[in-house]
Amino acid sequence: MGRAFEFRKARKMKRWSAMSKAFTRIGKDIVMAVKEGGPDPDSNSRLRAVIQNAKSINMPKDNIERAIKRASDKSQGDFKEVIFEGYAQHGIAVLVETATDNNTRTVANVRSYFNKTDGSLGTSGSVVFMFDHTCNFKIKGDDLDLEELELELIDFGVEEIFEDTDEDEDGNTIESVMIYAPFESFGKIQAYLEENNIEIISSGFERIPQVTKKLTEEQAADVEKLLEKLEEDDDVQNVYHTMEESADE
């Protein structure tokens with residue numbers, strides 16, 4: 001398997017571990033999607049994708065509808081997507097994606113996290129080149145021929161397709177298929193899957209480190225202090241880094 005497979009295996013149990021934080025992030029995604037393309041998911045592909053993601057984490061339908069209604073209100077402020085780049089201890093590059101309605105607050109908070117953990121906040125472009133910007137889709141894998149699907153999607157730049165498993169709240173195994181491709185392929189792949197009635201469970205974007213660095217347990221603990229502070233911030237949507245992770249962690 002390739003880098004996307006290993007990346008997902010190591011990270012999927014860590015992302016959006018707190019349900020309240022997951023709902024907050026989805027809520028911001030809904031606002032940005034509605035502001036960009038309107039409140040009708042039939043004509044707004046970005047909103048359609050966010051609603052799929054909301055359902056995949058069991059966000060109640062009422063919550064989704066309220067979020068869309070709030071986002072449609074002209075008094076609702078917009079969120080700006082801002083990326084921060086820097087280094088944690090031991091030379092680990094860190095890339096932070098935020099969605100904020102107060103950039104001054106977010107900059108101050110992110111800078112303080114780096115300073116308090118002996119890291120350093122860098123300038124724009126200082127580490128982003130170390131990560132491949134990818135899009136991904138989790139789809140229902142029933143009755144799908146993966147080799148045939150890969151051949152169909154190869155013109156869209158698809159880099160990896162592999163079977164994946166998760167567990168539901170009752171501990172039952174749920175089988176699905178993951179698709180990874182370059183960031184710019186998202187729209188074309190989304191359209192293909194919808195046109196061919198392939199059910200999309202969730203979709204999104206990730207930044208996969210091109211090279212990772214293995215640390216000792218003590219060094220990794222130093223880096224985790226920064227990562228935890230960043231993940232706890234309400235303005236932070238995603239945190240990526242170049243520290244080697246294990247699926248068993």
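The paragraphs below follow the salt bridges through this structure.

The model is predicted, so local features need pLDDT of at least 70 and side-chain atom pairs count only at pLDDT 80 or more, while totals for chains, interfaces and linings use all residues. Residues are numbered from 1 along each chain as its sequence is written, and side-chain values use heavy atoms, with hydrogens and water left out.

Side chains of opposite charge can pair when their charged atoms come close. With a salt bridge taken as a side-chain nitrogen of Lys or Arg within 4 Å of a carboxyl oxygen of Asp or Glu, the count comes to 12.

One of these joins Asp-164 to Arg-8, with the closest N and O atoms 2.7 Å apart. Asp-164 belongs to strand 5 (residues 160-167) and Arg-8 to helix 1 (residues 3-11), so that the pair links distant parts of the chain, 156 residues apart, where helices (H or I, at least four residues) and strands (E, at least two) are DSSP runs numbered from the N terminus. Both Asp-164 and Arg-8 are buried, a term that means under 20% relative accessible area, with exposed over 50% and partly exposed in between (1.4 Å probe, protein chains only).

Another salt bridge pairs Arg-46 with Glu-36, at 2.8 Å between the closest N and O atoms. Arg-46 lies in helix 3 (residues 45-56) and Glu-36 in helix 2 (residues 19-37), so this pair ties together parts 10 residues apart in sequence. Arg-46 is partly exposed at 23% relative accessible area, whereas Glu-36, at 56%, counts as exposed.

Finally, Lys-28, Asp-101, Arg-105 and Asp-235 are linked in a network of salt bridges.
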